Structures are given as C-alpha cells and as structure tokens.
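I opened this entry to keep track of what I looked up, in the order I looked it up.

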Amino acid sequence: MAYQHGITIIEQATGLTAPIEGDSALQIVFGTAPVNLAEDPYSVTNVPIIAYSYAEAVKQLGFSYDFKNYTLCQSIYASFQLSAVAPVIFVNVLDPKKHKKQNAASTVTVENMQATVQIGGILADTVSVKKDSETGTALKVDTDYVTEFDSNGYLVITLTATGAGKDAKTLSVTSTSIDPTAVTAADVVGGYNVSTGAETGMELVRQIYPKFGMTPGLLLAPGWSHDPDVGLVLTAKCVEINGVFKCECIIDIDSTSKGAVVYTDVKAKKEGAGVSGEHVYPLWPCFRAGSYILWASAVTAARIAYLDAANDNVPYLSPSNKTISITGTCLADGTEVILDRVQANSLNGVGVTTAVNENGWKLWGNNTAAYPSSTDPKDRWFCCRRFFSWWGNSFALTYIQHVDGPISVQLVENIVDSENIRGNSYVAQGKCAGAHIEFRADENTATDIISGEVKFHQMLAPFVPAEHITNTLEFDPDMLYASINGGSN
C-alpha cells in the first residue's frame, strides 16, 4: 500500500510574518567561506562566529555566490536573505595559511588609474605589484596604490595620483589565493590536537554554550553532510553536548552523480551512508533558488529556525507543508527533479524529507531518519524529537542553580511546582497536549538520597503532526430525492 501523507485539497499558505530572532533552532553551520574577503582573513578559521545580520556575517567571513566552493555562503544566503532569521553560528574550516595556491604573475591593463585582477580568492596581503612588467618598478601598497575587492570578489588596484605608478599603462601582479578545493571532509570533521589542545571542525560544538550562553539547536554542513564521513560525525555530535545537551542535525542525502539521481535510489543511499538516527532529519534532493543551487539542508535549517522564532521560540510545529523560498528541486549538478506527491510520499516512507510544489514550494516530510525502523513517536516525528531535546535542554539550564544546594522538601517542591506551572502554560497556549512532572518516592531510595541524587519523572505529550487526513464522501440519495420534491420525503 502506498505511503499516505496529505489531503487532496490544498490552500495557499498565508504570507509569512515579520522576521524575528530566536535560538531554539540555533544553527551551527560547518563549511568553507571566502575568508580573503573578510575583515581579518587569518582570525576566522576553526572559530565559532556568530552573526545577527547579513552584513555582520559578510564582514566576518566574506561572501560569494560560488556556493559550491564556499558552502557557508549557502546558509548566509538562506538565513539572512531567504528566511531573514538570526542568529546563526558559523564554523569556517578553510585555513588561508594551509588551503592556498600561488598564482602566476598576471599582466592587467590600467584604466582610469585602476586595474582589476580577475583571479578568485586573492589574499590582499600577498599581492606584489610592479609597474608595466615583471622587471618593472616595484610599487608600494598604501603609497603607490591601494586595494579593495569588487562585487565579484576580484581584486581592484587603484593607483595613487602621486605614486610611482601614476602613469602606468599595465601592472604586473603576483599573489596567493585561498584554495577551497584543498579542503577535505577530514577538515570539516576536525579533531582535537593532544599537543596543543586545539579543537577544529565539528569538535567546536563543545564551545558553543560556554562561549555564547546558547545551546545548539540544529547542526548542518551543506555541501559536506552528504559525505558519510561527515554525516556520521554530525549525527554523533547531536548528543551529550557539554555532557548534558541534545540537538538535531540536518543531513543531505547524496544527489551527486555518485549518489541518488532518481528518487527510487534514495533508500539505498540513505542506508548506505548510515543515516539512521532519531536526531537526524534527512533531505533529498538539492533546492534551486533562481539561478542558485543550494543543498537542501541550508534552506531547511533556516526555515525551521524562522518557524520557531515566529512561534515564541518553542519548537512544537513540524516544518512539513511550510512554504520555502525556492523555485525548484534538482540534483547537485542542477538537473531538474520534479516529484509529485506519490513520489514524495515514498521518500517520506523511508524517513526522508523533500519538497513539493503544492501551489507554492513546501517542505514535505515529518519523519526523522529513525523511521521506519523506529515508530516511537518521541523519536519518529521530527517535531516531537525536537520538543524533547529542547525541553531537556531548558530543564538543565533552568535548574542548574539548584545543583549542590541542600536536598530538601523546598527543593523538590520548587522544581515540581515550577515545571508544572510551565507545562500548564504551554498546554494553555496550545503548544503541547500535556507536560507533568512528579517526585516519585519509589524512584528515590534512601541510598539515592544519601548519595546526593534526586530523581524526577516528567511526562511530555507534544502534538504529533496530522500527517494524513481522510474525508469519506458518500452519495446520499435521500437528500437528492428531498431536493426534487421540494424538501419533503
């Protein structure tokens, strides 16, 4: 029997509300950025960078529409331009001291005291300029010329009116460029240096809460997570963050020529990549936004963050059937993919979310990667899984103040009363069906108490998504007969 998801009649969703900030779905994005365009190219490698606006992100990391090579720019674009949501934390793993290449000397023509070097990724501090030829007069930066980057990311050299190159017709320029193609999956995964204590790549998840006072909500690595080496580690990083916190990750199923190029291949590629955890929300294929191709994880994570922020920062709604700002779906190489609801539902049936055009493009899928192996509603439904992770994180943050205080009736009553008031409030707001906490004597033995351990038992009932609505239509001959006979039988 075909996997059922949806109803026959579709209405256009109401327009989105004004953008607001939220951190229940705080995005932690790993990848590469055009750091040569950043304010300080050498200080933003393997450092969590928080941005509350597009301008702030661009200032710190640079920006390029070359989304294939500079994968963090996909999330900058999706978060600040498509969804208008903040904040976002970025981890750039492109190291300009390591991932670089020497450019051959190039001769550029001077027009109106300016020359543009059409080579991507140039590090401004590595530029050497000579007048007219490689053997010509060497020019001094800030004295004979100044540099800046144009909107295409190319270096523009402007000669000064009083400098040694003021009458130059051409310039000979040598430089070093960053090389995003030298970055590997191992750089994104990162690690811990025993000798120096330095953490890189995904190991930096540990630093988010100590550094920013916020817990991760969504982990993603667009352009990288379809690689099993990256996806598996991303999944592992969702639990035991700082020893207590949990979050979810958004992972792309490979849609390159080596991956799933038709929807019937997705199940095998998902299983082959080991994408199976309850904290994982898998997506296929890529999304197109105008002329740009983005991995679905970048667009989806931004949309989830907006959804939470627009609903009091409580992750109780499913992102499925919510409008997304895309113009189509495609493979990683841009080949168009058109899925109807039957095909999309078959992907949902193997625990993969996609997008469908239902009078506007919408995300389509409620299941985590744990489905269909697990049908536990806590782990199967993505919105329920996120609610549990968020509630647990909130509990840990709220009641850490009581740790090391005396075990007393007042302590127990404080936590029980506070949590039940909180739970009742969310029930009244329609954000969950129930939330109740108890201190159970049978779960707190004398041995536990004298060992300094207090246990509470909390029941949560987040709403599950109304994934399939059925309306049975039946012909009523009596109503027809009554109509013909003037309303009487």
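I started with helix 7 and its surroundings. 14 of the 14 residues of helix 7 are buried, so the helix is largely enclosed by the rest of the structure. I keep in mind that this is a predicted model. Next I checked the span: helix 7 has 14 residues and runs 20 Å from first C-alpha to last, close to the 20 Å expected at 1.5 Å a residue.

I then looked up which residue pairs with Asp308. The side chain of Asp308 forms a salt bridge with that of Arg386, at 2.6 Å from N to O. This pair links distant parts of the chain, with Asp308 in helix 7 (residues 296–309) and Arg386 in helix 10 (residues 382–399), 78 residues apart.

How many salt bridges does the structure hold? I found 17. I went through some of them.

The side chains of Glu199 and Arg206 meet in a salt bridge, 2.7 Å from N to O. Glu199 is at 13% relative accessibility, which is under the 20% cut-off, so Glu199 counts as buried. Arg206 is at 41% and counts as partly exposed.

Glu203 makes a salt bridge with Lys237, and their closest N and O atoms are 2.7 Å apart. Glu203 sits in the loop between helix 3 (185–189) and helix 4 (208–212), and Lys237 in the loop between helix 5 (228–236) and strand 12 (248–252), so the pair ties together parts that are 34 residues apart in sequence. I have Glu203 as partly exposed, with a relative accessible area of 23%. Lys237, at 21% relative accessibility, also counts as partly exposed.

I also recorded a network of salt bridges that links Glu248, Lys378, Asp379 and Arg385.

Ile407, Phe439, Ile449 and Ile450 make a nonpolar surface patch of about 350 Å². I located one of these residues: Ile407 is in the loop between helix 10 and helix 11 (409–428). Ile407 has a relative accessible area of 36%, so I put Ile407 down as partly exposed.

Notes:
Residues are numbered from 1 along each chain as its sequence is written. This is a predicted model: local features need pLDDT of at least 70, side-chain atom pairs count only at pLDDT 80 or more; totals for chains, interfaces and linings use all residues. Side-chain values use heavy atoms; hydrogens and water are left out. A salt bridge is a side-chain nitrogen of Lys or Arg within 4 Å of a carboxyl oxygen of Asp or Glu. Buried means under 20% relative accessible area, exposed over 50%, partly exposed in between (1.4 Å probe, protein chains only). Helices (H or I, at least four residues) and strands (E, at least two) are DSSP runs, numbered from the N terminus. The expected span of a helix is 1.5 Å times one less than its number of residues. Patches are made of residues with over 30% relative accessible area and no salt bridge: like charges are joined within 9 Å, nonpolar side chains (Val, Leu, Ile, Met, Phe, Trp, Tyr) within 5 Å. Accessible areas come from the Shrake-Rupley method with a 1.4 Å probe; for residues, only the protein chains shown count as cover.
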